[in-house]
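Visitor: Please take me through one part of this model in close detail. I would like the sheet and the helices packed on it.

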Amino acid sequence: MSVLIYTENAEGKFKKSTFEAVSYARAIAGQNKTNLVAISIGDVSADELALLGKYGAEKVLNVSGEKLKNFVNQAYASIIAEAAKKEGADIVVLSNSFSGRGLAPRLGVKLEAGVADGAVALPEQTGGKFTVKKTAFSGKAFAMVELTSANKVISLTPNAYKIIETPANAVVEDFSAETKASDFSAMIKEIVRSTDKISLPDADIVVSGGRGLKGPENWAMVEELADLLGAALACSKPVSDAGWRPHSEHVGQTGIAVSPNLYIAIGISGAIQHLAGVSSSKVIVVINKDAEAPFFKVADYGIVGDAFEVVPKLITAIKEYKASA
């Protein structure tokens, strides 16, 4: 048996979350003393595919084709399932990204596998049991899920597992899988990206603003802070609803769920709906002039002060630090 990792790419380049998932899958393969096989679907260069060996993939199945250049949920699931059967993989790993959340349940059906989505730690394999720790209740809690099926599908929460280099001599093989016309009944014709900046799900650092900033004209300092930190920009739901910021930046229960290493909330009170989408962050910093703001109850670090005084001082301090480094 083996472990199969689906390696998601964006416009031919592997994401950071992909290398996290490969490192995670390599560790699972190590637990089970078996080999790790990666599968890549889309238009990916040979040099990019070779990177997968750096993180422990011993074989890479390369699937290409004009109809597969963009993500096609059902077709990708059929291809990954066929690869799992060919390689005798009883564990399939993927990132719990937008596409991963669509693929995991489909793979579960095709492989008759138990599914653990949103994993945050390596499986515990003791006493014949296979238990996975995962997020639950929109990230407000954790659940320990036991997978009792012969085949298993695990999707890893981005930023939940560090990237580990475990060099292997990855052999790249072209792989052709059988697909049906029905697999392509719904297809993405074009992807138009609204920005070239860091995407929220993949960001290590997120800087987020709320109604405490009083208006869209005051966002320049938030943008400057994000640029200095190499962070993605986010906002609360009331901000996007008011049209101050695009809805693509809205994080929370009804927006994008994020799990960065650092989440900085500026002028956000911390309503439960917002907390549901950011509570998986490793470190939360809150800046708010209201000392009773609910966000402070979950913050690792809090600054009680006016954002219009605190943020400029942070920017100055970061610039001074960078100049002296």
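Guide: Start with α5 (220–229). This helix lies across β13, β14 and β15 (262–266), running at about 175° to β13. "Across" rests on contact, meaning heavy atoms within 4.5 Å. Axes are lines fitted to C-alpha atoms, for helices over the stretch in contact, and angles run from 0 to 180 degrees between N-to-C directions. Helices (H or I, at least four residues) and strands (E, at least two) are DSSP runs, numbered from the N terminus.

The model is predicted: local features need pLDDT of at least 70, side-chain atom pairs count only at pLDDT 80 or more, and totals for chains, interfaces and linings use all residues. Residues are numbered from 1 along each chain as its sequence is written, and side-chain values use heavy atoms, with hydrogens and water left out.

Now the sheet. It is open, with five strands in the order β14-β13-β15-β16-β17 and parallel pairing. Its edge strands are β14 (232–235) and β17 (301–304), each pairing on one side only. Pairing requires at least two DSSP bridges between two strands. Neighbouring strands are turned by 15° against each other on average, direction ignored.

Look at β13 and β14. Four bridges join these parallel strands. G209 has C235 as its bridge partner in β14.

Finally, the loop between β13 (205–209) and α5 holds K214. K214 is not a glycine, yet its phi is positive, near 70°. Most residues other than glycine have a negative phi.
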